[in-house]
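Keep the sequence and the model side by side.

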Amino acid sequence: MKALAAVRPRSICSLPPQSLPKSQNLRSQRFRVSSSLIKEPQSEIQAKQEKKGGVMDEVFLNLFRKKMVEEVGWDSGKPGYDGLIEVANRLMLKSPTNSHTKEAAVRILRSLFPPMLLQLYKLLIAPIQGGKVAAIMVARVTAITCEWLMGPCTVNSVDLPDGTSWNSGVFVEKCKYLEQSKCVGICVNTCKLPTQAFMKDYMGVPLVMEPNFSDYSCQFKFGILPPLPEDDATLKEPCLDICPNATRRREFTRNINVQQCPKA
């Protein structure tokens with residue numbers, strides 16, 4: 001028996017990979033190659049999604065800046081987001097009053113939408129379930145399409161005055177627009193007030209925006225009316241510490257109360 005065992009050839013399975021018959025070796029290599037390709041489409045899909053997001057962000061930025069430039073009649077020489085902030089600053093400087101700035105910003109927002117779309121939304125969608133459907137829809141669209149302007153944001157639940165709650169809020173972790181503009185006035189007059197007015201007047205959706213000037217976060221509450229101007233604490237905010245003009249203004253007006261941002 002030992003002699004038979006000695007002359008019996010080893011099974012194919014016991015052979016090392018390099019000793020496998022050519023056909024089996026090829027199948028083994030083909031399997032390894034196919035297995036490695038399984039993971040590649042996932043990474044390619046993620047890369048394409050990131051690229052698509054970057055492309056869409058660029059499209060939104062260029063469109064918004066184009067409409068703002070048309071309103072202001074001037075464009076910055078700086079590219080991208082830095083140029084957008086300079087145009088926003090020029091909008092503030094060009095307008096004789098804060099009301100004019102707000103009205104100009106509302107016109108910019110209106111120009112971003114087909115007129116019929118706004119009219120139909122206000123007429124057909126806004127009244128459904130007491131405004132709940134429209135508020136929730138707008139919150140989701142805002143969170144999806146506005147990260148290029150504000151930074152990371154998420155949909156959250158907000159409490160209504162009647163004690164109910166809707167998933168019609170958007171929480172902005174750290175507003176890029178406020179951080180880059182470094183100005184309470186630009187936040188209030190080119191973003192907060194005109195956006196609230198635009199949503200209510202042209203889409204039929206009440207909105208209150210609550211920027212936090214300490215950590216630059218912001219809470220959107222769709223479906224809730226904003227407070228009256230005299231009751232809105234945002235309009236009484238002092239200049240930001242990072243405001244480039246605040247220090248110089250304090251030096252020239254040491255004996256004058258300049259706590260409130262003059263642009264707000």
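Ser165 is in contact with Ser157, Val158, Asp159 and Leu160, once its neighbours within four places in sequence are set aside. This is a predicted model, and every contact here is read from it. Ser165 sits in strand E2, which covers residues 165–172. Lys132 and Ser165 are 33 residues apart in sequence, and their C-alpha atoms are separated by 9.9 Å.

Step back to the whole chain. It holds 10 helices and 4 strands. Their order along the sequence is α-α-α-α-α-α-α-β-β-α-α-β-β-α. The chain has 264 residues, and 34% of them count as buried. Sequence separation matters for the contacts too. Among those between residues at least 6 apart, 55% join residues at least 24 apart.

The largest nonpolar core has 60 residues. Which residues have the most contacts inside it? They are Met68, Leu84, Tyr177, Met199, Val205, Phe220 and Phe222. Helix H9, residues 184–203, gives this core its largest share, with 9 residues. Leu84 shows how such a residue is surrounded. Leaving out residues up to four places away in sequence, Leu84 touches Leu61, Phe64, Arg65, Met68, Trp148 and Leu149. One of these partners, Met68, is also on the list of residues with the most contacts inside the core.

The accessible surface of the chain comes to about 16,300 Å². Carbon and sulfur atoms account for 58% of it. Where is there a nonpolar patch on this surface? Met116, Leu120, Leu123 and Leu124 make one of about 410 Å². Leu124 belongs to helix H5, which runs over residues 115–125.

Finally, consider confidence. The mean pLDDT of the chain is 83, and 72% of the residues reach 70 or more. Over residues 1–15 the pLDDT is below 50. Beyond near neighbours in sequence, that stretch has 4 contacts in the model. Residues 33–40 also stay under 50. For residues 33–40 the model has 0 contacts beyond four places in sequence.

Technical notes. Residues numbered from 1 in each chain as written. Predicted model: local features only at pLDDT ≥ 70, side-chain atom pairs only at ≥ 80, totals over all residues. Heavy atoms only, no water. pLDDT = per-residue confidence, 0-100. Contact = heavy atoms within 4.5 Å. Core = buried A, V, L, I, M, F, W, Y, C linked by side-chain atoms within 4.5 Å. Buried < 20%, exposed > 50% of the residue type's maximum accessible area, 1.4 Å probe, protein only. Helix = DSSP H or I, 4+ residues; strand = E, 2+ residues; numbered from the N terminus. Patch = residues over 30% accessible without salt bridge, like charges linked within 9 Å, V, L, I, M, F, W, Y side chains within 5 Å. Areas by Shrake-Rupley, 256 points an atom, 1.4 Å probe, with all protein chains shown as cover. Salt bridge = Lys/Arg side-chain N within 4 Å of Asp/Glu carboxyl O.
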